Amino acid sequence: AQSVTQLDSQVPVFEEAPVELRCNYSSSVSVYLFWYVQYPNQGLQLLLKYLSGSTLVKGINGFEAEFNKSQTSFHLRKPSVHISDTAEYFCAVSDRDNTDKLIFGTGTRLQVFP
Amino acid sequence: EAQVTQNPRYLITVTGKKLTVTCSQNMNHEYMSWYRQDPGLGLRQIYYSMNVEVTDKGDVPEGYKVSRKEKRNFPLILESPSPNQTSLYFCASRPGQTYEQYFGPGTRLTVT
């Protein structure tokens, strides 16, 4: 069975500082990987996805993530955060042969301070 | 505007009183899904549907029912709600062969 671990439940950071949100997954099959963002009182929206090809994936709002197969990780990074990046971030995985099931991590709350 | 809508957005009910949360999408998507979000647990999939009249269980289907009679609608039914179903519920949809799911705004359900 697949699972996703987000190691940090909360990450506080000052504006314009870099940030990394960690995500590790376990799976016995090849996977697709996703990062979703949830702004306060809203639904989720897709930040970026890894399907195949280059292991460095760029998403919206200046975020990027790197797929590391040997470490089974898909960490999310941004070189300089803004107040507006304050949100909850979810890592998710699905089986390449069964994309109907999407497994989410428990989420990381990013709090950006001025 | 392309969107997934859910109704109601907020609901407080009592144990055992049947309720339905509606979900509708206007993007002609084949796939639809229901999730519940609980603190410290992230989102967990309840049920999903690959197309009209085709549904399957997710990871936490107990206590829920769904139906998919029309492509645009995917209601979530709680026949006899219990307090442990107090949660934030999200509906999502996507075109059949793609990977990005579009989420609704959520329904906050409280069962007393």
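Colleague: Which residues is A:S73 in contact with, leaving aside its neighbours within four places in sequence?

Modeller: A:S73 is in contact with A:C23, A:N24, A:Y25, A:E66, A:F67 and A:N68, its neighbours within four places in sequence being left aside; contact means heavy atoms within 4.5 Å. This is a predicted model, in which local features need pLDDT of at least 70 and side-chain atom pairs count only at pLDDT 80 or more, while totals for chains, interfaces and linings use all residues. Residues are numbered from 1 along each chain as its sequence is written, chains are lettered from A and ligands numbered from 1 in the order in which they are written, and side-chain values use heavy atoms, with hydrogens and water left out.

Colleague: What makes a set of residues a nonpolar core, and which residues have the most contacts inside the largest one?

Modeller: Such a core consists of buried Ala, Val, Leu, Ile, Met, Phe, Trp, Tyr and Cys residues joined through side-chain atoms within 4.5 Å. The largest has 29 residues, and A:L33, A:W35, A:L47, A:L48, A:F74, A:L76 and A:Y89 have the most contacts inside it. Among the elements of chain A that give two or more residues to this core are β5 (31–38), β9 (73–78) and β10 (87–95). Apart from it lies another core, of 19 residues, among them B:V21, B:C23, B:M32 and B:Y89.

Colleague: Why are the side chains of A:K58 and A:E64 said to meet in a salt bridge?

Modeller: A salt bridge is a side-chain nitrogen of Lys or Arg within 4 Å of a carboxyl oxygen of Asp or Glu. For A:K58 and A:E64 the N to O value is 2.9 Å, so the pair qualifies. At 62% relative accessibility A:K58 counts as exposed, whereas A:E64, at 22%, counts as partly exposed.

Colleague: How far apart are the closest N and O atoms of B:R36 and B:D38?

Modeller: They are 2.8 Å apart, and the two residues form a salt bridge. Both B:R36 and B:D38 are buried. In chain A, salt bridges that share partners join A:E20, A:E66 and A:R77 into one network.

Colleague: What is the area buried between chain B and chain A?

Modeller: Buried area is the accessible area (1.4 Å probe) that two parts lose on being put together, summed over both; here the value is about 1700 Å², of which carbon and sulfur atoms give 54%. In chain B, B:L43, B:Y99 and B:F103 lose the most area to chain A, together 34% of what that side buries.

Conventions. Buried < 20%, exposed > 50% of the residue type's maximum accessible area, 1.4 Å probe, protein only. Helix = DSSP H or I, 4+ residues; strand = E, 2+ residues; numbered from the N terminus.
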